Amino acid sequence: MIFMINYCWNVVQINGNKMTIKKTALNKDKLNQIVTDARRNQELREQSYRGQALKLYPWICGRCAREFTHTNLTELTVHHKNHNHDDNPSDGSNWELLCLYCHDNEHSRYEESRFGSSKSSVSNTPTASHNPFADLKNLLNSKK
Ligand SMILES: [Zn+2]
Ligand SMILES: [Zn+2]
C-alpha cells in the first residue's frame with residue numbers, strides 16, 4: 001500500500017505542470033496495470049506454492065485427516081504455519097495442507113490468540129444452552 005501511494009506521488013511530480021487530461025488518463029491506466037500485475041503476481045505466487053505444497057505432501061488434511069482427490073482438491077488449502085504468506089521456503093517447512101473448515105478454524109484460533117479471548121468469552125455465556133426452537137414453537141402455537 002505504501003508503495004502504491006509513493007508511486008502515485010512520483011507520477012504527479014514527474015509530469016508537473018505539463019500534465020494533460022490525456023496523460024492523467026494514461027497514468028490511471030498505468031496504475032490499473034500495476035494493480036493488475038500485482039494481483040496477477042500474487043495469484044501466480046499462490047499457485048506456485050500451492051503446486052509445490054501439493055507435490056510435497058499427501059492430499060490429506062493435517063487436522064481432520066480428510067483425504068482429497070482431483071475432484072475436490074479445491075477444498076484443500078495451503079496454510080502457512082507462521083501465518084506469513086510471504087514466507088515460502090521450498091522445503092515446505094512453512095506449509096501445511098488443511099481442508100477449508102480446519103483452515104478456517106486454524107485462523108480464527110490464531111486471531112483469538114492475537115486479539116485476546118473476547119470472542120470466546122461471548123460464546124461461553126449461558127445463552128448457548130438456550131433453545132431457539134422453544135420460542136418458535138410458542139410463536140406457532142399462538143398463531144393457531
Ligand atoms: Zn480438515
Ligand atoms: Zn492459513
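1. Ala65 sits in the loop between α2 and β1; helices (H or I, at least four residues) and strands (E, at least two) are DSSP runs, numbered from the N terminus. Ala65 has a positive phi of about 65 degrees although it is not a glycine. Most residues other than glycine have a negative phi. Ala65 counts as exposed because it has 9 C-beta neighbours inside 10 Å. The cut-offs are 20 or more other C-beta atoms within 10 Å of a residue's own for buried, 12 or fewer for exposed, and partly exposed in between, with C-beta atoms placed from the backbone.

2. This is a predicted model, in which local features need pLDDT of at least 70 and side-chain atom pairs count only at pLDDT 80 or more, while totals for chains, interfaces and linings use all residues. Residues are numbered from 1 along each chain as its sequence is written, and chains are lettered from A and ligands numbered from 1 in the order in which they are written.

3. The chain has 5 helices and 2 strands, in the order α-α-β-β-α-α-α from the N terminus on. Of its 144 residues, 8% count as buried. Among contacts between residues at least 6 apart in sequence, 50% join residues at least 24 apart; a contact requires C-beta atoms, placed from the backbone, within 7 Å.

4. β1 and β2 run antiparallel and are joined by 5 bridges; strands count as paired if DSSP finds at least two bridges between them. Leu76 stands opposite Cys99 in β2. Of the 5 residues of β2, 4 are buried.

5. The largest nonpolar core has 10 residues, among them Tyr49, Ala53, Leu76, Trp95 and Cys99. Such a core is a set of buried Ala, Val, Leu, Ile, Met, Phe, Trp, Tyr and Cys residues joined through C-beta atoms within 7 Å. At least two residues of this core come from each of α2 (21–56), β1 (76–80) and β2 (95–99), and β2 gives the most, with 4 residues. Apart from neighbours within four places in sequence, Ala53 is in contact with Val78, Gly92, Trp95 and Leu97.

6. The loop between β1 and β2 holds His83 and also Asp86. His83 is another non-glycine residue with a positive phi, of about 60 degrees. His83 counts as partly exposed because it has 13 C-beta neighbours inside 10 Å. Asp86 is exposed, with 7 other C-beta atoms within 10 Å. Asp86 and Gln42 are 44 residues apart in sequence, and their C-alpha atoms are 9.8 Å apart in space.

Technical notes. Two residues are in contact if their C-beta atoms, placed from the backbone, lie within 7 Å.
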